[in-house]
Amino acid sequence: MPPLRPTAWIIIAILGLSLSLRAELVPREQGMQATLQEAMTAYERGDYARAAEAFAYTQATYGQEDAYRDLELQLLPYWGHACRQSGNSTQAIELFEAYLTRADPHAQHRHFVTYQLAEAYQTENMVEQAAATYQRYRAHDPYRPEALVSVLREAELYLNSGQTETGIQLLLSFANSPQVPRTLRAQARLRAVQATQAIGDDTRAADILLSAPWAIDTMPELAVLAFSALRAGDALMRELRTADAILAYRLVPPHSQLVTLQQARLQQLEQIRQQRLLPLAQSVPAFAFWQDYFTAIIASVQSQLEALRSMEDYTPGWQLRLGQAFLRDARPREATLLFRLLAEDNTLPTDIRTNAFYCWAMAQSELEQWDKVVDIAKAFQQIYPKQPLLAQTSYLAANAYQQQEQHSAAIEVLDWLIQSYPEHREQPRWRFTRGLNSALAQDYPAAREAFSRCLELYPNSHDKLQVKLWLGLCWFFPREYKHAISVLDPLLAEAKGHPLEAEIAYRRAMTLYAMAEYISAIDALNWLISDFPDAPQTLPAQVLLGDALMGTGDYQAASEQFSNVPDTDPALYAYAVFQQGKIFRAQQNYPAMIAHFRSYAESSALSPRPRLAEALYWAGWGLAQAGKPEQARQLFVETFARYGNDPQAGEMGELLHALGKQDIWSAAGTNARVMSYETWLEQERAAARESGEFTRYSRLSLASAALLRDAGKTNKADNILYDILEIAPPEQIDAKGLTELGWLLTRQGFSHAEELFSQQLEMYPKNRYTGRSLYGLGTLAASQQNYTEAEQWLARFQAETPYQADAAAVALLRAEVLLQLGQPAEAMDVCEELLTMKAARGRPHAEALLLMATISQEQGETTKAIAYAQRVYTLYRAYPDLLSRAYWQSAQWFLKLGDMNAAKRTLVEMTTDPRLDDFSEHDEALALLEELTQREPVHHKIEVTP
């Protein structure tokens with residue numbers, strides 16, 4: 001109990017009393033002095049109800065006596081305060097108003113009574129009177145501590161009376177005042193946050209919360225701040241303001257830490273109260289004011305602490321939400337740390353851990369840590385095999401496999417999902433992704449089946465147009481264009497107004513172009529460009545329109561179209577530039593071609609300029625064709641000096657080849673006439689090796705090797721290439737070099753050629769040597785009898801680079817691989833397609849017919865096999881090695897059918913052709929013919945029509 005204040009002693013002394021605080025209260029009948037003693041003793045002890053009763057009894061009993069009237073004005077503040085503290089605000093108001101009416105304006109207790117009167121008005125919900133009284137209280141000295149606290153009380157008055165906006169504005173104005181101590185500013189801002197959240201305006205509350213830093217070290221109500229921040233973070237997450245949500249969540253400490261902090265803050269408040277009240281012992285009003293203030297705050301903090309101790313730990317849920325905020329804010333590394341912590345804590349509830357597993361997998365997906373995504377999904381399945389979120393987590397694993405191009409593994413996971421969760425709402429998505437992985441694996445029949453099944457089961461899925469688009473593409477990629485257009489035509493009509501409409505229109509136009517339906521493609525592209533000027537497909541459509549116009553033979557219109565392609569996409573713009581240059585080249589308009597490529601190379605508006613070295617090469621080539629070899633040579637030399645050591649610079653090999661031509665080199669001047677091109681190459685090679693310019697060195701070495709190979713010096717050529725492998729890092733070798741070196745090793749049977757081909761595909765995926773590398777990888781896999789992998793590489797060649805020079809060789813190898821895989825029908829389809837290729841006429845066609853004969857024989861169709869073989873020795877007599885095989889196989893198959901006469905005729909025709917004498921089948925054919933001649937003739941005959 002605090003000591004009796006001097007003011008109270010003065011009152012008692014005036015009455016002539018000598019009292020002790022420890023004295024027992026005396027009966028009221030002993031007189032005014034004893035009754036007043038009882039009242040003041042109760043007041044000092046904080047027994048306000050008994051004090052108020054004693055003050056009232058004193059007034060009722062002795063109010064008419066002069067001694068009482070002399071003391072009454074001094075007693076009113078204590079009596080009023082005792083009444084208010086004991087819950088009788090109505091009488092307190094009467095007493096305070098009486099005091100303020102009678103007391104001198106400069107009376108000692110006037111400010112104390114004014115504040116107490118405002119508090120009493122507030123208790124009785126007399127809003128206007130309370131507000132006016134608070135403001136009057138502050139008018140004398142608005143920035144003294146008691147006056148500042150009165151602002152918070154006035155704001156509370158408005159909030160409790162329904163004038164919420166007025167209260168919030170008062171709090172915010174107070175919180176933004178630099179003249180207010182930071183502790184009170186923080187309390188005001190926190191109360192504004194609470195009030196705003198109470199009316200459901202969480203967005204505004206969050207903005208208030210984040211409007212200024214928090215003075216955590218002086219905040220009394222840390223629990224209120226923590227839970228307000230938690231709610232604010234949730235609101236900001238709903239609004240996708242993830243960065244702000246993170247700031248809010250970070251104001252929340254873990255539960256155990258918050259309990260410790262709140263307990264420490266409670267002890268601190270007790271110490272502050274004692275320190276604050278001790279100097280105020282001489283002032284009853286100030287003492288009472290701060291005693292009430294600290295009592296209320298300490299009671300609130302104590303209540304919050306008890307609630308914290310009894311509540312469930314909120315920490316895991318808060319950490320989960322903070323991790324989700326990190327994830328949505330593109331900060332997956334921080335998210336990963338939190339999710340992993342929660343997922344691996346086996347003391348946490350199942351719902352927290354399963355959510356953490358799923359979010360952990362999502363975070364690792366954002367980091368493209370695909371192996372870890374798969375590991376997380378496997379761990380999830382092992383711990384919680386029946387939990388709903390396992391499905392979504394497993395789907396992330398399927399996506400991880402897809403990103404790693406492990407499409408078979410992805411399909412396996414997706415098949416498991418489809419079978420295990422037949423009623424899951426993500427079934428359409430899973431089925432689409434399953435088809436997509438089949439398509440990416442170039443298993444187009446399986447992809448079409450998956451897409452068709454998805455459409456059959458979920459005809460109203462919101463992704464149905466995307467599924468149909470991919471169904472069409474899975475006809476387009478294997479060049480089944482009629483089937484593709486049969487899907488895309490109705491799909492375009494169905495997609496009117498849909499976000500995919502422009503994409504579908506572009507794919508349909510591409511299909512028409514691939515079908516050589518150039519007029520229809522032009523119409524489709526013009527419509528697309530006109531109706532979708534801002535679509536991402538419009539720019540590639542403009543380029544494709546130029547190609548379609550070239551297809552019709554209207555080179556002038558095509559050239560104009562290419563010249564209108566904007567430079568917003570450097571790669572597409574470069575393609576248009578080179579297509580227009582190709583037109584000039586075809587028209588032999590060399591001046592236009594030279595000016596065109598020089599303009600592109602010299603333009604300062606483009607950055608970057610793809611294929612710049614290639615443009616300079618073609619400008620030089622044009623100069624050579626235009627009869628200006630000296631200018632061509634100068635440009636070639638300058639271009640190689642500038643770009644020879646840049647692995648990304650294209651056409652450098654072709655440039656060196658052009659430079660070495662006699663008409664270019666001999667026009668170079670005196671030095672060139674003395675030095676041969678071969679000598680120049682050797683000098684440049686030595687200089688590049690010495691300076692460590694390995695890209696330049698490898699290009700010069702390839703050019704030297706080509707000259708040696710043309711001269712029949714194959715071994716020396718190969719030695720130069722091996723020298724490149726020995727000293728030049730693969731990353732400093734260009735696409736052409738990697739491919740040629742890979743084939744060098746492939747021909748020698750070295751499996752590490754795969755590394756060079758793979759490097760080319762990774763570093764230069766869009767290069768024109770990509771097809772050559774795919775062919776090399778397919779050849780390596782086939783030589784190792786890894787036919788499944790070989791089929792993947794060769795199918796990819798035919799899908800991505802079908803018009804490259806190796807197309808016929810790839811088709812033949814792929815047919816043989818398919819035959820080894822037990823797919824004779826697919827092998828036959830590849831051969832049939834090869835027979836339609838004009839570029840494959842001659843020997844490739846003959847080899848395809850021989851392979852088709854073998855396939856037919858293995859399928860038990862010997863008659864068809866003979867027909868295919870006969871076509872070889874009837875139509876392709878320029879290839880004696882193939883003739884020898886065709887004759888020999890036909891003779892054997894005739895015998896299998898029992899037609900000895902046809903076999904003998906075939907063998908006679910074969911053995912009488914002197915060109916076939918040196919082949920291994922010749923001696924075997926002679927021996928068989930002699931054996932058949934000694935047999936009796938067979939009287940039946942089978943006619944076979946070629």
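Predicted model: local features only at pLDDT ≥ 70, side-chain atom pairs only at ≥ 80, totals over all residues.
Figure 1. Leaving aside residues up to four places away in sequence, L488 touches L469, I504, R507, R508 and T511. For orientation across the chain, L488 and Y722 are 234 residues apart in sequence, and their C-alpha atoms are 51 Å apart in space.

**Figure 2. The whole chain.** The chain has 50 helices and zero strands. Its radius of gyration is 47 Å, well over the 30 Å that the globule rule gives for 946 residues, so the chain is more spread out than a compact globule. Along the principal axes, the C-alpha trace spans about 160 × 75 × 55 Å. Buried residues account for 51% of the 946 residues, and the accessible surface comes to about 44900 Å², of which 49% belongs to carbon and sulfur atoms. Of the contacts between residues at least 6 apart in sequence, 54% join residues at least 24 apart. The chain carries 85 positive and 114 negative charges, and the mean positions of these two sets are 2 Å apart.

**Figure 3. The aromatic pair of Y115 and Y137.** A pair of aromatic rings is described by the distance of the centres and the angle of the planes. The count for this model comes to 30 aromatic pairs. In the pair that Y115 and Y137 form, the distance is 5.2 Å centre to centre and the angle between the planes is 50°, an arrangement classed as tilted. The pair links distant parts of the chain, with Y115 in helix α6 (residues 110-123) and Y137 in helix α7 (residues 127-139), 22 residues apart. Both Y115 and Y137 are buried.

**Figure 4. The aromatic pair of W665 and W680.** The ring centres of W665 and W680 are 5.6 Å apart and their planes stand at 55°, so this pair is tilted. Since W665 lies in helix α35 (residues 662-665) and W680 in helix α37 (residues 677-691), the pair ties together parts that are 15 residues apart in sequence. W665 is buried, with a relative accessible area of 6%, and W680 is likewise buried, with a relative accessible area of 11%.

Figure 5. In a separate view, Q392 lies in helix α20, which covers residues 389-403.

**Figure 6. Positive phi values at E405 and A516.** Most residues other than glycine have a negative phi. E405, which is not a glycine, has a positive phi near 60°, and this residue is placed in the loop between α20 and α21 (407-420). At 61% relative accessibility, E405 counts as exposed. A516 also has a positive phi, of about 65°, although it is not a glycine, and its place is in the loop between α26 (501-514) and α27 (518-531). A516 counts as partly exposed, at 42% relative accessibility.

Methods:
Residues numbered from 1 in each chain as written. Heavy atoms only, no water. Helix = DSSP H or I, 4+ residues; strand = E, 2+ residues; numbered from the N terminus. Rg over C-alpha atoms; globule rule 2.2 N^0.38 Å. Buried < 20%, exposed > 50% of the residue type's maximum accessible area, 1.4 Å probe, protein only. Contact = heavy atoms within 4.5 Å. Areas by Shrake-Rupley, 256 points an atom, 1.4 Å probe, with all protein chains shown as cover. Lys, Arg positive; Asp, Glu negative; His and termini not counted. Charge placed at Lys NZ, Arg CZ, Asp CG, Glu CD. Phe/Tyr/Trp six-rings, centres within 6.5 Å; stacked < 30°, edge-to-face > 60°.
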